[in-house]
Amino acid sequence: MNKLLVLLFLFSSGSVTGWVIELFFRRFLDPVERKKKKWVNPGFFVGPYLPIYGSGLIILYLLGHISIPALGAVHPLLEKLVIFVIMAACMTLIEFITGIIFINHLHLQLWDYSSYWGNIKGVICPLFSLFWYALAAFYYLVLHPQVLDALDWLSRNLAFSFFIGFFYGIFFLDIVYSFQLMVKIKKLADEYNVVVKYNAYKSKLIDIRMEAKERSYFFFSSRLSSISPREVFDRYRENFSVKRMVMTPIQKIADSKPVQKIADSKPVQKIADSKTVQKVTEKVKRD
């Protein structure tokens, strides 16, 4: 079967399945989110998909074919445990790279692990790395054979690819819509010099709707009619954002490595020392 079709199928299946997992995990299992007792559409897009899980399923599918013969011949169980670790590490790396890109370039924090022990910049933490490990083990032991069977079925029923094309048609329309919303939020985040915690932002919008007795939108969770996004930032940004550290040009120059190297160079040190000696000599002569 065409490799591109395989990747498209895996990405779409993983994105939708991941959305369902996140929806129920945040509602019933997440130590922080479950206390709010609210159904919240996870992720940034309008529709029921999370691309990070789509990318993750592709990675798990590719890693599901690897083996460690030297280890598997002696300790087959240990071989599987090592493969699970590799899978979990790759998923954690994807999560970290995605989170940092959104924070540094779009000033959006799509998920927030800052309240969890051992977190790094609030985008990865040991607890969710353990979750990825469990998910990797479940995929390898249970889902991988099913995925192979599904791909075999798809190769014999290519008419089903129509539905894959339909999914991507909706998905790309969603990208356009969500990107426009992203640009608006980034503009306000730049203006107020903050990083927006997107889940907290959506939760605040739900509270505003309830107070204004507006109609609730599960999928269009960022939609409001009683107040503009600017007013939301003016009144409530302390509830869903953190101050962003922005260096001034002078600070950037002062902290740059070339300047530090020049300051530490021997010629500059000699000049500084000679000036110090000259000042001491002049003081002695005056005394």
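In this predicted model, Val194 has Lys243 as its bridge partner in strand E3. The pair belongs to a set of three bridges that join E3 to strand E2, residues 194-197, and the two strands run antiparallel. E2 and E3 are part of an open sheet of three strands, ordered E1-E2-E3, in which the pairing is mixed. Strand E1 (108-109) and strand E3 (241-243) form the edges, each pairing on one side only. Helix H6, residues 161-192, packs on this sheet and touches E1, E2 and E3. The direction of H6 makes about 140 degrees with that of E2.

H6 also takes part in the packing around helix H5: the buried residues of H5 pack against H6, helix H1 (3-29), H2 and helix H4 (76-106). Those buried residues include the aromatics Phe128, Trp132, Tyr139 and Tyr140. Also among them are Leu135, His144, Val147, Leu151 and Leu154.

H5 itself covers residues 126-156, 31 residues in total. From its first C-alpha to its last it reaches 42 Å, close to the 45 Å expected at 1.5 Å a residue. The helix has a kink of about 55 degrees at Leu143, shortly before the proline Pro145.

The mean pLDDT is 83, and 80% of the residues reach 70 or more. Helix H2 (residues 51-63) has the highest confidence, with a mean of 96, while helix H9 (residues 249-255) has the lowest, with a mean of 44. Over residues 247-256 the pLDDT is below 50, and beyond near neighbours in sequence this stretch has four contacts in the model.

Note on methods: Residues are numbered from 1 along each chain as its sequence is written. This is a predicted model: local features need pLDDT of at least 70, side-chain atom pairs count only at pLDDT 80 or more; totals for chains, interfaces and linings use all residues. Side-chain values use heavy atoms; hydrogens and water are left out. pLDDT is the predictor's confidence in each residue, from 0 to 100. Helices (H or I, at least four residues) and strands (E, at least two) are DSSP runs, numbered from the N terminus. Contact means heavy atoms within 4.5 Å. Two strands pair if DSSP finds at least two bridges between them. Axes are lines fitted to C-alpha atoms, for helices over the stretch in contact, and angles run from 0 to 180 degrees between N-to-C directions. The expected span of a helix is 1.5 Å times one less than its number of residues. The bend at a residue is the angle between axes fitted to the seven residues ending there and the seven starting there. Buried means under 20% relative accessible area, exposed over 50%, partly exposed in between (1.4 Å probe, protein chains only).
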